[in-house]
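Have a look at the model first, then try each task before you read its solution.

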Amino acid sequence: MLKLSTLLLAGAAAASFAAVPAVAQQKAPLSILRVIDADNYDPIRTTATAAAEVMYMLADTLVTVDFDMKTIKPGLAESWTVSPEGTTYTFKIRKDVKFCDGRPMTIDDVVYSLKRWTDPANKSPVSFRGGPVKDIRADGDSTLIYELKEPYSDLMFQLALSFASVVDKAIVEKLGPNFGVQGFNGTGPYCWSKWTPRQELVLKKNPHYSWGPPIYKDPKPQIDEIVWKVIPESNTLMAAIQAKQADVTYYMPYIALDTMQRIPGMTVQRQENYIYDVFMGFKVDKPVASDKAIREAANMATNKEAIAKAIFFGKGQTLPSLLNPAVVDYDKSSADKMPKYDPAGAAKLLDAAGWKPGSDGIREKDGQKATFTVYGIRNDSNPRIAEAMQADLRKVGIDMKIQLWDATVAWGKLATQEFDAFLMSYPYVTATEAMSLYFRSQQAPTPNRMNWKDPKTDELLKAASMATDADKRKQALAEVQTQLTEANVWVPLVSQPLWVVATDRVEGARAHGLYGAGLYKGLDLKLKR
Amino acid sequence: MLKHTLQRLLLVLPVLLGVLLIGFLLMQVVPTDPAQVRAGPTATQDVVQAIRQELGLDQPLWKQFAIYIGRLAQGDLGVSIINNVPVTQELGNTIGPTLELMLASLVWAIPLGMFLGTVGAYYRGSLIDRAIMAVSVAGVSLPVFFLGLGLIWLFGFYYPILPFTGRTGPLWTWEGIQGIILPAITLGGVFVGPVARMTRTSVLDELGADHVRTARAKGLSESRVVLRHTLRNALVPVVTLIGLQIGFLLGGAVVTETVFSWPGIGRLAVGAILSSDLPMAQGTIIMLSLGFILVNLAVDVLYAVLDPRVRGT
């Protein structure tokens with residue numbers, strides 16, 4: 001159920017937005033509202049999107065990703081080449097880059113940061129993203145050699161993620177475990193000023209910065225100070241933007257977006273290429289979920305369009321396939337093989353597979369009820385998504401039991417074998433990343449919670465990962481997508497939308513969304529007053 | 001009086017120890033895995049295990065508790081397993097804003113509750129009395145978050161005259177005062193009703209007492225009769241109630257601080273629990289329990305001041 005308070009406040013706001021005069025926020029900082037803080041701001045120690053969304057402002061990466069989420073553009077690296085065998089990447093690093101403290105960035109800083117990220121000794125939860133590293137070294141004062149043991153086609157996209165940010169070795173070593181907690185020194189457009197955990201993070205303009213990526217009109221930051229403010233209660237956040245006590249957010253409850261669009265001067269903008277997908281995965285070795293007919297019927301019986309419309313208030317998009325259409329190597333032909341919404345067809349399929357309706361309406365086969373339990377995190381959308389699916393599946397005689405857990409408990413529970421299916425949402429940048437993360441045998445039991453162990457999948461994913469030719473990679477990934485679509489391992493549900501809402505004080509707010517970072521580097525943003 | 005105070009003070013120790021043990025055990029029985037939370041959803045089990053070892057969570061429970069108590073005896077509440085900040089430092093940063101908020105709530109809610117209760121009792125059965133009781137029932141029934149959101153809508157949005165997105169400055173500045181008004185009204189709002197009702201009942205009892213009749217017979221003014229001879233005696237149960245309500249106020253502070261993004265200990269507790277930050281959660285539990293215990297101790301002592309008969313008990 002939608003929170004009553006949300007409905008009340010949104011309703012009241014909708015009825016009275018016209019009465020709101022311009023308010024309070026009149027001076028210096030740009031305030032960005034969000035609902036949660038990160039645990040820390042050390043790029044290699046956190047996987048939180050709440051860290052990434054700030055990290056892109058604090059630090060730079062070798063390369064960047066354009067708003068289309070497909071095109072790699074220069075960052076700290078002006079240019080690059082890849083050896084024919086795909087194992088050696090040579091980057092030409094900019095020479096005009098300075099850290100926030102004014103010290104010029106050297107090639108040693110870049111080597112240090114990337115080694116710190118990829119070195120298994122540092123036990124970073126994101127080190128795998130750097131690929132099978134053989135060596136990272138400098139060649140002269142502006143050339144970086146990134147050498148791999150074997151080709152890794154995902155490398156350029158992974159190098160664009162915040163985990164691969166270049167940081168100042170001196171401050172990392174000086175602060176030790178307090179790096180990214182008590183201080184930070186990066187080369188990003190904004191500098192670390194003060195962090196009060198769970199409350200706010202204050203950033204100041206990097207006065208030296210002029211090397212912004214070419215995806216922006218202006219390579220220099222235009223705002224003197226940015227305050228990332230945490231407002232855990234979404235109703236308060238909504239009211240704060242409406243009352244103009246803050247400037248920008250991309251955590252606006254979906255129910256309020258239409259209201260926001262009607263407020264004069266308010267900018268409400270969608271990132272069409274945002275990649276943050278919701279799906280339900282089946283454990284394929286569990287009694288009921290192991291039956292492909294059950295999985296396929298679940299895909300056919302679930303009204304995904306209704307879920308996208310109702311739960312995301314018309315702002316979500318149905319996920320047509322295992323992967324988001326915006327992602328590189330999305331395969332349209334496998335998407336066409338995804339079962340379409342057809343409850344009658346689902347019932348027929350179950351009949352044919354021997355699942356006969358029992359006296360209580362739930363199907364049975366060989367004394368086994370068509371019942372399975374789904375686990376998930378109790379967030380804003382999962383309860384309603386699960387309930388909608390439960391109702392849909394019930395109509396075809398499948399009993400889906402729902403067990404959602406508080407976020408403190410959920411990850412532990414989702415690492416067990418207690419459940420038959422699970423609801424999950426996640427950001428990603430490439431098809432190789434998403435598929436390899438969830439479907440390689442060695443990733444079981446987490447994050448391969450499906451227990452999908454298939455040599456052919458492993459082989460194809462390895463081929464995709466090692467491909468030096470884009471067409472070959474695409475072909476391998478297309479085969480994986482087809483194989484997994486036909487196996488109905490997932491019920492792809494919704495592509496979560498990203499909407500940036502900005503008040504009339506702000507100019508140049510454009511939704512980006514790489515790994516959940518709505519404003520990415522924060523360039524082109526200006527304050528009108 | 002001193003003996004009474006010391007006796008009550010000694011009783012605090014076993015209560016505090018019990019709180020420590022229960023707080024520790026509670027955090028253990030919650031089926032959460034801080035290592036998994038910190039590692040994130042995509043981490044493999046070997047990464048999770050490495051983090052578990054790093055945090056000392058692979059040690060037996062008794063050993064973890066012994067280490068915890070040993071550190072506590074030295075005033076060390078540990079460091080946050082999420083961001084490595086000492087727990088005492090975080091508590092130090094947040095206790096001030098919470099006390100500030102509670103004080104700002106009590107400073108208007110107690111006098112108003114007592115005033116309304118006294119007026120209600122004095123005009124017993126009248127329209128004023130009924131109106132006051134209706135307001136106090138509404139106050140008791142209204143959930144804190146609802147009142148908070150209502151005030152945000154009214155004074156932050158519809159008539160945008162007050163900020164509501166956190167502490168806007170120290171309390172001695174104009175910005176600070178503006179920022180605390182809505183949270184203080186919200187938190188104090190739930191306090192007025194119970195105080196008014198208890199004051200009314202207590203004053204009613206006293207108004208019918210012999211010494212009040214005697215005071216009136218002596219020709220004392222009504223204000224003197226009510227304020228000096230009635231209200232003071234009526235205060236004993238009211239003070240007890242206030243003490244108990246302050247405990248509930250701490251609970252209300254958790255909600256108020258969340259709604260208004262107030263950087264207090266309640267919000268810290270919620271954040272720590274939601275992020276499975278065990279040392280921080282335990283630290284906030286200890287601090288909140290200590291607050292509750294000390295308030296009750298103060299009430300016990302005050303009770304003895306107001307009513308000398310209890311000193312010997």
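Is D291(A) buried or exposed?

**Solution.** Buried means under 20% relative accessible area, exposed means over 50%, and partly exposed is in between (1.4 Å probe, protein chains only). Step 2: apply them. D291(A) has 17% relative accessibility, so D291(A) counts as buried.

A quick word on the ground rules. This is a predicted model, where local features need pLDDT of at least 70 and side-chain atom pairs count only at pLDDT 80 or more, while totals for chains, interfaces and linings use all residues. Residues are numbered from 1 along each chain as its sequence is written, chains are lettered from A and ligands numbered from 1 in the order in which they are written, and side-chain values use heavy atoms, with hydrogens and water left out.

**Exercise 1.** Find out which side chain meets D291(A) in a salt bridge, and say where the two residues sit.

**Solution.** Step 1: recall the rule. A salt bridge is a side-chain nitrogen of Lys or Arg within 4 Å of a carboxyl oxygen of Asp or Glu. Step 2: name the partner. It's K365(A), at 3.4 Å from N to O. (Helices are DSSP runs of H or I with at least four residues, strands are runs of E with at least two, and both are numbered from the N terminus.) Step 4: check the cover. K365(A) is partly exposed, with a relative accessible area of 24%.

**Exercise 2.** Compare two further salt bridges, D247(A) with R505(A) and E222(B) with R216(B).

**Solution.** Step 1: start with distances. The closest N and O atoms are 2.8 Å apart for D247(A) and R505(A), and 2.9 Å apart for E222(B) and R216(B). Step 2: look at the cover. D247(A) and R505(A) are both buried. E222(B), on the other hand, is partly exposed at 31%, and R216(B) is partly exposed at 34%. Step 3: widen the view. Over all chains, the rule gives 36 salt bridges, and K134(A), D135(A), R137(A) and E147(A) are linked in a network of them.

**Exercise 3.** Describe how chain A and chain B meet.

**Solution.** Step 1: count the residues. 51 residues of chain A are in contact (heavy atoms within 4.5 Å) with 48 residues of chain B. Step 2: take the area. The two chains bury about 4,000 Å² between them, 61% of it on carbon and sulfur atoms. Buried area here is the accessible area (1.4 Å probe) that two parts lose on being put together, summed over both. Step 3: count the links. There are two salt bridges between chain A and chain B; E90(B) and R198(A) meet in a salt bridge at 3.4 Å, N to O. Seven residue pairs, both at pLDDT 80 or more, are in polar contact between the chains. A polar contact is a pair of N or O atoms within 3.5 Å; within protein, one must be able to donate a hydrogen and the other to accept it, and residues adjacent in sequence count only if both atoms are side-chain atoms.

**Exercise 4.** Work out what surrounds T236(A).

**Solution.** Step 2: T236(A) is buried, with a relative accessible area of 0%. Step 3: list what T236(A) touches, not counting residues up to four places away in sequence: I231(A), L149(B), I152(B), F164(B) and V259(B). Step 4: the backbone oxygen of V259(B) lies 2.7 Å from a polar atom of the side chain of T236(A).

**Exercise 5.** Which polar partners does the side chain of Y428(A) reach?

**Solution.** Step 1: Y428(A) is in the loop between β20 (421–427) and α14 of chain A. Step 2: at 2% relative accessibility, Y428(A) counts as buried. Step 3: its side chain makes a polar contact with the side chain of D277(A) at 2.5 Å, and reaches the backbone nitrogen of N324(A) at 2.8 Å.
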